[in-house]
There are 2 protein chains.
Amino acid sequence: MSEAMPGASVPPAELRLIGLRDVPEVKPGDDLAEIALAAALKTGVDFAPDDVLVVTQKIVSKAEGKLVDLTAIEPSPLAQGFARWGKDPRYIEVVLRESVRIVRMARGLIIAETRHGFVCANAGVDASNVSGDMACLLPDDADASAARLRAELSRRLGIDLAVIITDSFGRPWRAGITNVAIGVAGMAPLSDYRGQPDDFGRVMSASLMAVADEIASAAELVSGKVSRCPFVIVRGYPYPRGEGSGRELLMDASLDLFR
Amino acid sequence: MSEAMPGASVPPAELRLIGLRDVPEVKPGDDLAEIALAAALKTGVDFAPDDVLVVTQKIVSKAEGKLVDLTAIEPSPLAQGFARWGKDPRYIEVVLRESVRIVRMARGLIIAETRHGFVCANAGVDASNVSGDMACLLPDDADASAARLRAELSRRLGIDLAVIITDSFGRPWRAGITNVAIGVAGMAPLSDYRGQPDDFGRVMSASLMAVADEIASAAELVSGKVSRCPFVIVRGYPYPRGEGSGRELLMDASLDLFR
């Protein structure tokens, strides 16, 4: 069994999710570790060993300057054609540039595979919670962003913790969107119950839990969308050990029946 | 704005997830309210107003006798043919009987739409954590199951709470499975940020969060799969009010690009 996919730990009796509040607007070049530490101080909470710090993609992208000025974008004929669904053609152009494959393009919706391998609406390009004629792209390498934040927090605090960077994705067959993990550092994102006996001693065959996605979803309940709460501490979860990577959460295209 | 899709509440600073431990094996006819109350007592936790009680589908199905004896199942030629992928043909037969539509049937995997409208692997039929030659079906009406448990707990405790019944579903494009809500009572399962201004005063257009699914995923981190912890209390989440139904989480087939 590899380090990245260890056996599941015994679940805890209790889990706590603590939102760090009143985080200021993040600007390109900002130090997210510094901002998280200041927010924890303001919230009155100390980081503890084995916490998971969950961070929304939007502030990571902003800190890394992943913003595009739409006024400088020249839409292609394809973008102009699709914009007839009532979209900004410059925004559609940015979506197409972030895509390596269009999975569906219909009824005003674009489901695309991004350069990073995510399959999601609009290739992860977002125009909410950014100012003016701007669009926000996904981080270039959310795992590297998570690893940098983890290393810097560990260095300053002298403790080990895990970091998850999240975005909200839709999914086929079900209404609404949920938070998922796009970058992971310091934990294995999948918890493997396969091969373990169930309560009847029978070996379970299909229980590979995407626990990093479940942590991302849990954190969204606290961070919400509109309250300047982009950091959530998840405390008490005995996460599976490993360096971790959001790429482990991507289904191999050769196994995917829907791509 | 309808009762079922109210505006989002202000997120809390802190959320707690408390697993109720040492729940005995559930048998057909068992009273889940009684079992939950006994487990809470044993765990040393009181229910509080506005708690969400999250319950795994497996014990609901067991209490409702939704178990099938595979030794009594005669597999059809279709089931026998597909069982060549190394499956039990009697189990495949049960999967086919629970299905109203096969979405994909390839490489030993069946993704099916169930009689209830869920799209999931093996039509939700499960052979883990049940004894012998048995398979476990989804509850006939998980909303009704949730509503009954909610009403009984509210009656005995004199407080209002919400109930979510969960199962673990896979999803296209991403590895692993996550918990989702298949039955809901006492809360709106979707939280609608659409039409609310973001931090820049711009109206958000696509932020309908499937919060009941996010609660289900959060609870799985505590309940795990192997520790007889089928009940988790989620405390501190200001859930959107409404009677609620798991059906609100099903994407309308006419809008679904992947069905």
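Predicted model: local features only at pLDDT ≥ 70, side-chain atom pairs only at ≥ 80, totals over all residues.
Trainee: In what order do the three strands of the open sheet in chain B stand?

Mentor: E4(B) and E5(B) run antiparallel and are joined by six bridges. E5(B) and E6(B) also run antiparallel, joined by three bridges. The three strands therefore form an open sheet with antiparallel pairing, and their order is E4-E5-E6.

Trainee: Which strands of this sheet in chain B stand at the edges, each with a single partner strand?

Mentor: The order of the open sheet is E4-E5-E6 in chain B. A strand with a single partner has one side left without a neighbour in the sheet. This applies to two strands of chain B, namely E4 (99–106) and E6 (119–121).

Trainee: By how many degrees are neighbouring strands of this sheet turned against each other on average?

Mentor: The sheet in question is the open one formed by E4, E5 and E6 of chain B. The angle ignores strand direction and is an average over neighbouring strands. Its value is 25 degrees.

Trainee: Which residue of E5(B) is the bridge partner of Arg104(B)?

Mentor: E5 of chain B covers residues 109–114 and is joined to E4(B) by six bridges. In this antiparallel pair, Arg101(B) stands opposite Glu113(B). For Arg104(B), the bridge partner in E5(B) is Ile111(B).

Trainee: In the hairpin of E4(B) and E5(B), which residue takes a positive phi near 50 degrees?

Mentor: This hairpin has two residues between its strands. The strands themselves run antiparallel. The residue with the positive phi near 50 degrees is Arg107(B).

Trainee: Which residue in the turn between E5(B) and E6(B) has a positive phi of about 105 degrees?

Mentor: E5(B) and E6(B) are joined by three bridges, and Ala112(B) has Cys120(B) as its bridge partner in E6(B). The two strands form a hairpin with four residues between them. In that turn, the residue with this phi is Gly117(B).

Trainee: Is Asn122(B) buried or exposed?

Mentor: Asn122(B) is found in the loop between E6 and E7 (134–136) of chain B. Its phi is positive, at about 55 degrees, although it is not a glycine. Because Asn122(B) has 23 C-beta neighbours inside 10 Å, it counts as buried.

Trainee: How many other C-beta atoms lie within 10 Å of Ala123(B)?

Mentor: Ala123(B) lies in the loop between E6 and E7 of chain B. Although not a glycine, Ala123(B) has a positive phi of about 50 degrees. Ala123(B) is buried, and its number of other C-beta atoms within 10 Å is 26.

Trainee: Why is Pro189(A) buried?

Mentor: Pro189(A) lies in the loop between E9 (174–185) and E10 (191–192) of chain A. Leaving aside residues up to four places away in sequence, Pro189(A) touches several residues, among them Ala181(A), Val211(A), Gly244(A) and Leu249(A). Pro189(A) is buried because the number of other C-beta atoms within 10 Å is 31.

Trainee: What distance separates the centres of domain 1 and domain 2 of chain A?

Mentor: The domain assignment gives chain A a domain 1 (16–65 + 139–251) and a domain 2 (67–136). Their contact takes 10 residues from domain 1 and nine residues from domain 2. On the domain 1 side, the elements giving two or more residues are helix H2 (57–63) and strand E8 (162–171) of chain A. Taken over C-alpha atoms, the centres are separated by 26 Å.

Trainee: Which element gives the most to the side of chain A that touches chain B?

Mentor: In this interface, 67 residues of chain A are in contact with 67 residues of chain B. By class, the chain A side has 37 nonpolar, 13 polar and 17 charged residues. The element that gives the most, with 10 residues, is H6(A).

Trainee: In E1(B), which residue is the bridge partner of Leu17(A)?

Mentor: E1(A) is joined to E1 of chain B, residues 14–20, by five bridges. The two strands run antiparallel. The bridge partner of Leu17(A) in E1(B) is Leu15(B).

Definitions and conventions
Residues numbered from 1 in each chain as written. Chains lettered and ligands numbered in written order. Axes fitted to C-alpha atoms, helices over the stretch in contact; angles between N-to-C directions. Buried ≥ 20, exposed ≤ 12 C-beta atoms within 10 Å, placed from the backbone. Contact = placed C-beta atoms within 7 Å. Domains from an automatic or database assignment. Nonpolar A, V, L, I, M, F, W, Y, C, P; charged D, E, K, R; others polar.
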